[in-house]
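Please examine the structure below.

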Amino acid sequence: MTSVHQKFLKQNTVGVVGVPFSGGQPREGVDLGPMKIIEFGLLDQMKELGWNVEFDGHRDYNAMRPAQDPPVGKLKNARFVSAVTESVAQSVKGYVEKGSLALTLGGDHSIALGTVSGTMAVHPNAGLIWVDAHADINTPESTESGNIHGCPISFLLGIAGQIKEFSWVKPCLTPDRIVYIGLRDVDAGEKKILRENGIKAFSMHEVDKYGIGKVVEMAVEHVSPGLSRPVHLSFDVDALDPTVAPSTGTPVRGGLTFREGHYICEALHQTGTLVAMDLMEVNPSLEDDQAVYQTVNVGCSLVRCAMGETLL
């Protein structure tokens, strides 16, 4: 552990929530991500950094799959996604309430419906830093694909409209408490939503323009002015360039470099404000063994940096 004072944690413990779930999008395999990451020794790696680690095993979320789950409007698997994310919200809330850092390993990014809800239930003023190639802010109206992994932010902001299958989701996020880093593949409908809600977003253009150090500084100041609020980091590995993290479902060229991705996590640890982290969309069934090894390795490495690993 570094000597950074963690402002909002009561104990030096990471609570790990493994969510082997792929229902928010059509590609099989992303549900294998959490198991692979644990197999690579992440729990021991965090212990070596001085953390106590609590992990109660990977849940079998398939047991929650309803017999019938026809589309709700355009939304696919709505009942399944809702049941799983509600359960995840309880798990994350439990760890955050105890003052542990909640680390969720996905799975697809629809899971963030649960993780962010869990954090905000305990810290209603927390800020959200969303590192992703995609904005994931489509509404049930604006989504073209109907895949819920492209919609979680709209539900969290309360702009998704009334969908009874998701009645448990309380709007817990305000537009001034979210910031994006790494965007480069944003739907026209999403651009409109971002503009209309005045949401702060640093696309790859801003990363190129200002450099990652300045971008992270501005992002943190936006969601946690003067480091006054806890921060939830939701990191989709497709934020990284596909040359860095090839095994993911929706790779887009021109992403964050290896170092830029790590810098975000290192800098957030240094703020002492981190209370929860998601690592999402590692899909070990895509690409060859070498690419999977590379992607899972990078995932573990990002988590270690967020937990205080430094180069010197």
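This is a predicted model: local features need pLDDT of at least 70, side-chain atom pairs count only at pLDDT 80 or more; totals for chains, interfaces and linings use all residues.

Q: Why is Gln6 called buried?
A: Gln6 has a relative accessible area of 9%. Buried means under 20%, so Gln6 is buried. Gln6 lies in the segment before strand S1 (13–19). Leaving aside residues up to four places away in sequence, Gln6 touches His269, Gly272, Thr273 and Leu274.

Q: How do you know that the reach of helix H8 is close to the expected one?
A: Helix H8 (residues 212–223) has 12 residues, and at 1.5 Å a residue the expected reach is 16 Å. From its first C-alpha to its last, H8 reaches 17 Å, which is close to that value.

Q: What puts the buried residues of H8 on the same side?
A: The buried residues in H8 are Ile212, Val215, Val216, Ala219, Val220 and Val223. They cover an arc of only 125 degrees around the axis, and therefore they are on the same side of H8. In an α-helix there are 3.6 residues a turn, so residues three or four places apart point the same way.

Q: What covers the buried residues of H8?
A: The covering elements include strand S4 (127–131), strand S5 (178–183), strand S6 (200–203), helix H7 (204–210), strand S7 (231–236) and helix H9 (258–271).

Methods
Residues are numbered from 1 along each chain as its sequence is written. Side-chain values use heavy atoms; hydrogens and water are left out. Helices (H or I, at least four residues) and strands (E, at least two) are DSSP runs, numbered from the N terminus. The expected span of a helix is 1.5 Å times one less than its number of residues. Buried means under 20% relative accessible area, exposed over 50%, partly exposed in between (1.4 Å probe, protein chains only). The arc is that of the directions from the helix axis to the C-beta atoms. Contact means heavy atoms within 4.5 Å.
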